[in-house]
Amino acid sequence: MDFSIPQQTLELLARVRAFINEEAIPLEHAFLNEGFGAVLPGLERLRGRVKDLGLWLPQIPKEYGGMGLSLVDHGLVSAELGRCPLGHYLFNCQAPDAGNMEILIEHGTQAQKQRFLMPLLEGKTRSCFSMTEPEHAGSNPVWMSTTAVREGDQYVINGHKWFTSGADGSAFAVVMAVTDPSAPPHARTSQILVPADTPGFEIVCNTSVMGHRGEGWASHAEVRYTNCRVPVENLLGKEGEGFAIAQDRLGPGRIHHCMRWIGICERAFELICNYAVHREVAPGEPLGSKQFVQDWIAKSRAEINAARWMVLHAAWAIEKHGAKAAREEISLIKFHVAGVLMDVLDRGIQIHGGLGMTDDTPLAFWFRNERASRIYDGPDEVHKLVVAKRILKEVAGGMR
Ligand SMILES: Cc1cc2nc3c(=O)[nH]c(=O)nc-3n(C[C@H](O)[C@H](O)[C@H](O)COP(=O)(O)OP(=O)(O)OC[C@H]3O[C@@H](n4cnc5c(N)ncnc54)[C@H](O)[C@@H]3O)c2cc1C
């Protein structure tokens, strides 16, 4: 078994790291303190630089204008980008657009690609994914009330969604809606592309999350669909494939998220170590001389390393055997890495004392926003249940 990273990938990672350190992190303070809108002009300028450097769309195949990286290599890049809250946006591989690009490439018609995918790839538009409803348990993705009823050559969509991340300013939403209530549960829903200027598409509000409503890409909207009419050509894939397409999105998507979280952990770790060395509690007595702090540093290092290898192994397993065969590894990383992330961020805030609670470092922003890592894309408990049930079944069947 060879754990070494190829020289070519190491060089790419060094270029990405330099860009994040020199270009992205200087914008961070304004983003954290003044919001997404305040830094948007700077972000657009830097996105141009990323394109010029040939680093645009690392996760997308070359024929669609991306770098065509493997899942493992993109995972490694994602960890570098995750060190700054703006990293993924700058390289156009941010959620939820990255997932929407993938499903449009996989399931979109030529016309859908032309109209919806190309502007996304070029970074001219943003998009959102509208599945969760306030009235239903989002962790049961086959249970929802939003309907898309066919009338002639149109679908008429009615429903109520929330946590549609980045809907504010998006050009279109990918909406999950029931198209056949009488079908078996996994075949009831479809995914439909709804342009944001369709009459009846209404952003009720950006939901306040941990005291912040956010704006633009950095927000989570409540959305109503009231007699929203779109042509049947806006159906993504076939009728009844909504759930299956959503599953397609989640396998590699969890690698993307988990490696982003590793990047956040690495940045928090850098901040922890730097503060431990430079903050003195008395003259000549740095925080790092305290055993509590040494314990946090050693524990964090071990947990981040372990989490990193688990995710890279899961990415390798997906590439080698497919997402279905790797579902146990995917569930394991989803809850495990989210837990490591919260622990490392908590230590980061604790060591920084009052400074940790401010927006002078990204720690508080991440602590607020990434608490959701234990909830979205399947809450911890659901992933644990899935893994444990499978193990117990195999043990009972003499397969383990
Ligand atoms: C910041 C953020 C961004 C999001 N972005 C999007 C987005 O862009 N698009 C979108 O459609 N949705 C999005 N979501 C919604 C997210 O997918 C849901 O919150 C998630 O699926 C959980 O659904 P729920 O909130 O309805 O919780 P519920 O399903 O009501 O679950 C509540 C809690 O119950 C427990 N639980 C649930 N099921 C089980 C079970 N089977 N066994 C044991 N315990 C269980 C878990 O602890 C869970 O946290 C986002 C959420 C957050 C917080």
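Ala, Val, Leu, Ile, Met, Phe, Trp, Tyr, Cys and Pro count as nonpolar here, Asp, Glu, Lys and Arg as charged, and the others, Gly among them, as polar. This is a predicted model, where local features need pLDDT of at least 70, side-chain atom pairs count only at pLDDT 80 or more, and totals for chains, interfaces and linings use all residues. Numbering starts from 1 along each chain, as its sequence is written.

**View 1. Around the ligand.** The ligand has 19 residues around it, and the closest are Met 131, Ala 137, Gly 138, Ser 139 and Ser 165 (near means a C-beta atom, placed from the backbone, within 6 Å). Two or more residues each come from strand S1 (127-130), strand S3 (154-165) and helix H12 (380-396); helices (H or I, at least four residues) and strands (E, at least two) are DSSP runs, numbered from the N terminus. Sorted by type, the shell has 11 nonpolar residues, seven polar and one charged.

**View 2. Helices H5 and H6.** The axes of H5 (residues 97-107) and H6 (residues 110-121) come within 10 Å and cross at roughly 145° (axes are lines fitted to C-alpha atoms, for helices over the stretch in contact, and angles run from 0 to 180 degrees between N-to-C directions). H5 brings Asp 97, Asn 100, Met 101, Leu 104 and Ile 105 to the contact, while H6 brings Gln 112, Lys 113, Phe 116, Leu 117, Leu 120 and Leu 121 (contact: C-beta atoms, placed from the backbone, within 7 Å). Seven of these contact residues are nonpolar, two polar and two charged.

**View 3. Ile 157 and its partners.** Leaving aside residues up to four places away in sequence, Ile 157 touches Thr 146, Ala 148, Val 175, Ala 177, Ile 192, Val 194, Tyr 225, Cys 228 and Val 230.

Technical notes
Two residues are in contact if their C-beta atoms, placed from the backbone, lie within 7 Å.
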